[in-house]
Amino acid sequence: MAPAFKAVTTQGNIQFPADYKGKWVILFSHPADFTPVCTSEFMTFAKMQQEFRNLNTELVGLSVDGLYSHIAWLRTIKEKIEFRGWKNVEVKFPLVEDITMEVARQYGMIQPGESSTKAVRAVFFIDPEGKIRAIIYYPLSLGRNFEELKRVIIGLQTADKYSIATPADWKPGEDVIVPPAGSCGVAEDRMAGKENGGLYCKDWFFCMKPLPKEKVLAS
Ligand code: BEZ
């Protein structure tokens, strides 16, 4: 389960993850305010916030800076920074202040091999029940791939909804993996193509079926 904490953020106080019950959350850390990679990441997340909302997903950022630093940095981003042609970008999701590093330590966001005073770029994918479902860590120097973060959310939601798994590099609209027999039927039936829904098997352990994009992205 996602460790619980209370925090002050740029959007007011939060109780995490309780305030987000019923929603997916991406909780992510960044090393420091007023740094370039983090700035490009925040602008990208801000531009994609509605896309994540459409996936019932909220964003929560965190760094070990204080609230006034966070506010000044987000104001500077809005007033001065242009990236990929984006200007006037307002960050509307909460950015947690964590000067004591209490939350960062609880979540393993401090990786001493990288920095003992800054959080790495950690991304926690938390489900509507408050359970951590996936974690990705990036080092300080590497900006995150936001299409991948979105793909992870869609993949987890699709696996839950349709009891399937997703193959390498899967994208919505591509065929999905039907887990082996035991959970989904008798191997011989599957090999004989007796199940409906377009199921096809290459061997008893490798069965796939189509799952149209419209179904994947239906809310
Ligand atoms: C950055 O966000 O630009 C950054 C932060 C810490 C170390 C290196 C780069």
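Author: Let us start with the polar contact, which is a pair of N or O atoms within 3.5 Å; within protein, one must be able to donate a hydrogen and the other to accept it. Please bear in mind that this is a predicted model. The case here is Thr9, where a polar atom of the side chain lies 2.8 Å from the backbone nitrogen of Gln11. The backbone oxygen of Gly12 is 2.6 Å from a polar atom of that side chain of Thr9.

Reader: Where is Thr9 placed, and does Thr9 count as buried or exposed?

Author: Thr9 belongs to strand β1, which covers residues 5-9. A residue is buried if its relative accessible area is under 20%. Thr9 has a relative accessibility of 4% and therefore counts as buried.

Reader: How many helices and strands are there in the chain?

Author: The chain has six helices and ten strands. Of its 219 residues, 43% count as buried. Taken along the principal axes, the C-alpha atoms fill a box of roughly 65 × 35 × 30 Å.

Reader: Which strand pairs with β4 over six bridges?

Author: Two strands pair if at least two bridges are found between them. Strand β3 (residues 24-29) pairs with β4 over six bridges, in the parallel sense. As one case, Leu27 has Val60 in β4 as its bridge partner. Between β3 and β4 the chain passes through helix α1 (residues 36-53), and this β-α-β crossover is right-handed.

Reader: How many bridges join β4 to strand β5?

Author: Three bridges join β4 to β5 (residues 95-97), and these strands run parallel. Ser63 has Glu97 in β5 as its bridge partner. From β4 the chain crosses through helix α2 (residues 67-80) to β5, again in a β-α-β crossover that is right-handed.

Reader: In what order do the strands of the open sheet with β8, β9 and β10 stand?

Author: The order is β8-β10-β9, and the pairing is antiparallel. The strands β8 (176-178) and β9 (200-203) stand at the edges with a single partner strand each, so one side of each has no neighbour in the sheet. On average, neighbouring strands of this sheet are turned by 35 degrees against each other, direction ignored. Three bridges join β8 to β10, which spans residues 206-209. Within this pairing, Val178 has Cys207 in β10 as its bridge partner.

Reader: Which residues are around the ligand?

Author: A residue is near a molecule if one of its heavy atoms lies within 4 Å of it. The residues around the ligand are Pro31, Thr35, Pro36, Val37, Cys38, Arg121 and Leu140. Helix α1 supplies the largest share of this shell, three residues.

Notes:
Residues numbered from 1 in each chain as written. Predicted model: local features only at pLDDT ≥ 70, side-chain atom pairs only at ≥ 80, totals over all residues. Heavy atoms only, no water. Helix = DSSP H or I, 4+ residues; strand = E, 2+ residues; numbered from the N terminus. Axes fitted to C-alpha atoms, helices over the stretch in contact; angles between N-to-C directions. Right-handed = clockwise from strand over helix to strand, strands pointing away. Buried < 20%, exposed > 50% of the residue type's maximum accessible area, 1.4 Å probe, protein only.
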